[in-house]
Amino acid sequence: MQDIYVVSHPHAEHTQRKLVGGWHDSHLTERGRGDAHLIAEELKRRRNPGRPIRITTSDLARCAETAEILATALCVPVTADLRLREISFGEAEGRPNDWLAERQVPAPDNNRLDHRGPIRGAETRREIATRVGACISELMADTAHDHVVVTHGYALTFVVTTWMQIPVSSAGFASFATTPGAITHLRLDDYWRNRTLVGLADTSHLNAEEMPSL
């Protein structure tokens with residue numbers, strides 16, 4: 001049995017300042033760092049002590065800082081992988097959320113994967129799905145380890161679709177919503193070979209308060 005725990009990075013400075021995230025490199029807030037320690041304790045409780053575990057993280061600061069806190073608690077190394085970054089919002093990154101909201105155009109039903117919209121430099125859904133999927137496929141092949149994946153809110157969807165072996169061409173309408181500091185649990189059954197979404201965006205380990213969106 002293989003377990004993958006997907007951690008959505010906790011509260012970050014760009015969220016606090018109401019700025020567009022994407023590849024904009026913001027750090028965890030004090031609250032975010034505190035929540036990262038709570039995530040670490042929860043993963044220590046959940047992990048199978050008989051299985052070695054690896055941590056792979058987006059290289060952006062808010063994820064890398066989370067991963068280092070988890071690595072210290074679990075006593076395992078961290079590998080940074082830029083393929084786990086959030087979707088790029090191009091020229092909108094680091095600008096106020098309202099700036100993006102005024103210009104954003106939703107993808108039409110007949111072009112969900114390749115719609116880029118009017119924001120210069122923004123990624124398409126196909127582009128993020130392809131790069132995230134390539135990273136997760138490599139981790140899935142390493143069945144000798146369980147895995148912790150530290151990533152972002154929108155990127156999580158494509159971690160899950162890859163795990164469920166949904167091809168990129170069929171992921172145009174997929175959405176798995178999460179919140180900062182949440183844990184999503186994926187499991188491979190050794191006997192039946194089923195890939196199970198055990199828990200999506202669990203925040204029961206965090207302080208009981210409403211979590212803001214990523």
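**Salt bridges and their surroundings**

Reply: Arg120 and Glu91 join their side chains in a salt bridge, with N to O at 3.0 Å (a side-chain nitrogen of Lys or Arg within 4 Å of a carboxyl oxygen of Asp or Glu). Arg120 sits in the loop between helix H4 (97-103) and H5, Glu91 in the loop between E3 and H4, so the pair ties together parts that are 29 residues apart in sequence (helices, H or I, of at least four residues and strands, E, of at least two are DSSP runs, numbered from the N terminus). The model is predicted: local features need pLDDT of at least 70, side-chain atom pairs pLDDT 80 or more, while totals for chains, interfaces and linings use all residues. Residues count from 1 along each chain as its sequence is written, and side-chain values use heavy atoms, without hydrogens or water.

Arg120 is exposed, at 61% relative accessible area (exposed is over 50%, buried under 20%, partly exposed in between; 1.4 Å probe, protein chains only). Glu91 is partly exposed, at 25%.

By the same cut-off the count is 16 salt bridges. Another of them joins Glu123 and Arg131, with N to O at 2.7 Å. Glu123 counts as buried, at 14% relative accessibility. Arg131 is buried as well, at 12%.

Now to helix H2 (residues 30-46). Glu41 and Lys44 both lie there, three residues apart, about one turn of the helix. They form a salt bridge, and their closest N and O atoms are 3.7 Å apart. Glu41 is partly exposed, with a relative accessible area of 48%. Lys44 is also partly exposed, at 39%. Glu42, Arg45, Arg46 and Asp202 are linked in a salt-bridge network.

Ala141 belongs to helix H5 and is exposed, at 63% relative accessible area.

What surrounds Val132, not counting residues up to four places away in sequence? Val132 touches Arg83, Leu84, Arg85, Ala155, Phe158 and Val159 (contact: heavy atoms within 4.5 Å). The largest nonpolar core has 22 residues, and Val132 is among those that touch the most other members, with Val6, Ile136, Val149 and Leu186 (a core: buried Ala, Val, Leu, Ile, Met, Phe, Trp, Tyr and Cys joined through side-chain atoms within 4.5 Å). H5 gives the most to this core, seven residues.
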